[in-house]
Amino acid sequence: MADEINRSSFLKWLVDPIESTNDVAKRAYRFVGNRRVWLVPLALGIALLTVSALGLVQSPEDFFFAYLAGWSFLLTTALGGLFFLIFNHITRASWSVVVNRINETLVWAFPLLLVLGVPLLFGMHDLYHWTHEALYDPSSPQYDEVLAGKRAYLNVPFWSVRIIVYFAAWTLLSYRLYTFSLRQDVDPDPELQKKLRSTSAWGLPLLAVTTAFASYDILMSTDPHWFSTIFGVYFFAGGTLCAVAVISLVTLLLQRTGGLLQNVVTPEHYHDLGKYLFGFVIFWAYIAFSQYMLYWYGGIPEETVWFQHRLRGGWAWHSAVLVLFHFLVPFLILLPQITKRSTVVMSIMSVWIIGMHWFDLHWIVLPVIRDGGGFHWLDITCWLGLTGIFAGALMYRLGRHPLVPQNHPYLGESLQFENM
Amino acid sequence: MPTLIQNLKARLGIFESDADQVYGLLAEFPDPGALLHAAEAVREDGYRHFDTHSPFPIHGMDEAMGLGNAVGVGFFTFGGGVTGFAAAYLLQWWTAAVDYPINISGKPFFAVEPSVPIMFELTVLFAAFGAVAGMLALNGLPRPYNPLFYSDRFRGASDDRFFLHVAASDGQFDVEDTAALLQRLGARHIELVKDDGSADV
């Protein structure tokens, strides 16, 4: 059977839990490119991570923080894709059906990300200051009253349980959304559509809560004295923006280099993806500024310290770049209608936004250990190495299934979609 | 031939009467479909100064009339947004740092941070003003006087009737020829509307 569960090996299940369904794909939706092309980013990724391993010997602290920035880049993007898929199901969006499969291949990422996150466990001591035992010993000169007060939440066993719960929830949600949709390609049972929607309905609040807490545990706790209640929304805003950029970029690559999905994804769909990019560029800026302005106004040292790190020395340039190139320039470029309908502009903007999302996470993570701003070579190799492996797995999945959910009840509507 | 000004005004839906005070021919069509086809045929025949009137929007009419996309409104909106942004910046700076400076918890008299919400709100407000004003301007509205009001039948344009108006200012306009064309297109009723207050069948 085409839609059987992939049991051949754990590694294969990790990358794609369902056997190839290409034999049922309709001609227009079949992947006909080179099926081994996914090996290219995978090989590049492994090569770059091997190079990064040399850096691990040279400077472990730089390695772990660079790895955390690169890994969070992929995690937020996958979470953003999951949000995007869920709210498109819940709202019965029809325009997005033609790009749903591309989003679904992005979303089946959490088991692989969990495995790719294992190296971070060896760097817990470097990454998370709150893991140091001496902080909690009143007789030690390093005793920290504030962190001792947070110990009930910030301790290794509870942290580990939480991470496992988050990944279990995300894996469950993405498994259901991914496999129901693939089954639908083989069997147009209307029950599957109902299951996709009901999973999305209970999945949304679950995803919202787990994403917010994951942002506190994984990123915010690298600076454990600091806290921000809006941090989870910031994490979500950047991730969803990057996920839409990834969906646009993969679609454009399939069309322009693979010659696939011709007349399936049209400028009308790019126009809507562009509107989402535009909307989330503004939303990201809105949330980022909300976080900043309230702390500026309050002027309380324990709250402003995080921004102090990021507005002094070389990091001030990073902050300025974020305002200009994560918000102002993409905002002005994506403002007119014509740019969102142009595949050239959309290609450039997708790559741009993906790059800026990593830059944003680099700005969150690296000031914890570095004073002067700028980049270490490990920042780049860890990021691109992990992204190479992630992209290889994504392309592998993409080549094994129809490129469009071909039995989705709103597919016809999506193909006919017009903005004006 | 119509002058450039006349052509520009015609794009806003404002047509001038000719020397004999003839405003144009008003043809009534039985249903929206007939009006859509008539508009298409009149445009393909080379007419440019014409307009349609119906009680509700007809899907595809903009294309049939060759109106294209309303690009202009976006510039008015953008202009309004930039104006609001700059106005809010000046407002914040002048009120807080020049006209009535008050020291609040040691903060600077003027800073960009607390001004951003004001700048954001006024950008949105003025952009909306720009959009509405631009839409009205580009539609040639408000227009309290239109010679078509002299036609008694034209009242039905806001009820259940569908009209095509070919203006006398169009270079190709000729009372007999144009009337014959409209007749061929299935017009139910044709009248000649004049600027002096008369409308002849």
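Modeller: In this predicted model, an automatic or database assignment divides chain B into domain 1 (4–69 + 144–200) and domain 2 (73–138). The C-alpha centres of these two domains of chain B are 43 Å apart. Residues are numbered from 1 along each chain as written, chains are lettered from A and ligands numbered from 1 in written order. Local features need pLDDT of at least 70, side-chain atom pairs count only at pLDDT 80 or more, and totals for chains, interfaces and linings use all residues.

Helix H5 of chain B (a DSSP run of H or I, at least four residues) spans residues 112–138. Its buried residues (20 or more other C-beta atoms within 10 Å) are Leu122(B), Phe126(B), Ala127(B), Gly130(B) and Gly134(B). Helix H4 (72–99) of chain B is among the elements that cover those buried residues of H5(B). Just after H5(B), Gly140(B) adopts a positive phi of about 65°.

For the helix pair, consider chain A, where the axes (lines fitted to C-alpha atoms) of H2 (residues 39–58) and H17 (residues 377–398) come within 7 Å and cross at roughly 150°. H2(A) is therefore roughly antiparallel to H17(A) (over 145 degrees). The contact (C-beta atoms within 7 Å) involves, among others, Leu42(A), Gly45(A), Ile46(A), Leu49(A) and Ser52(A) of H2(A), and Leu378(A), Thr381(A), Gly385(A), Gly388(A), Ile389(A) and Met395(A) of H17(A). The residues of this contact of H2(A) with H17(A) comprise 15 nonpolar, eight polar and no charged, with Gly counted as polar.

Methods: Buried ≥ 20, exposed ≤ 12 C-beta atoms within 10 Å, placed from the backbone. Helix = DSSP H or I, 4+ residues; strand = E, 2+ residues; numbered from the N terminus. Contact = placed C-beta atoms within 7 Å. Axes fitted to C-alpha atoms, helices over the stretch in contact; angles between N-to-C directions. Parallel < 35°, antiparallel > 145°, perpendicular 65-115°, else oblique.
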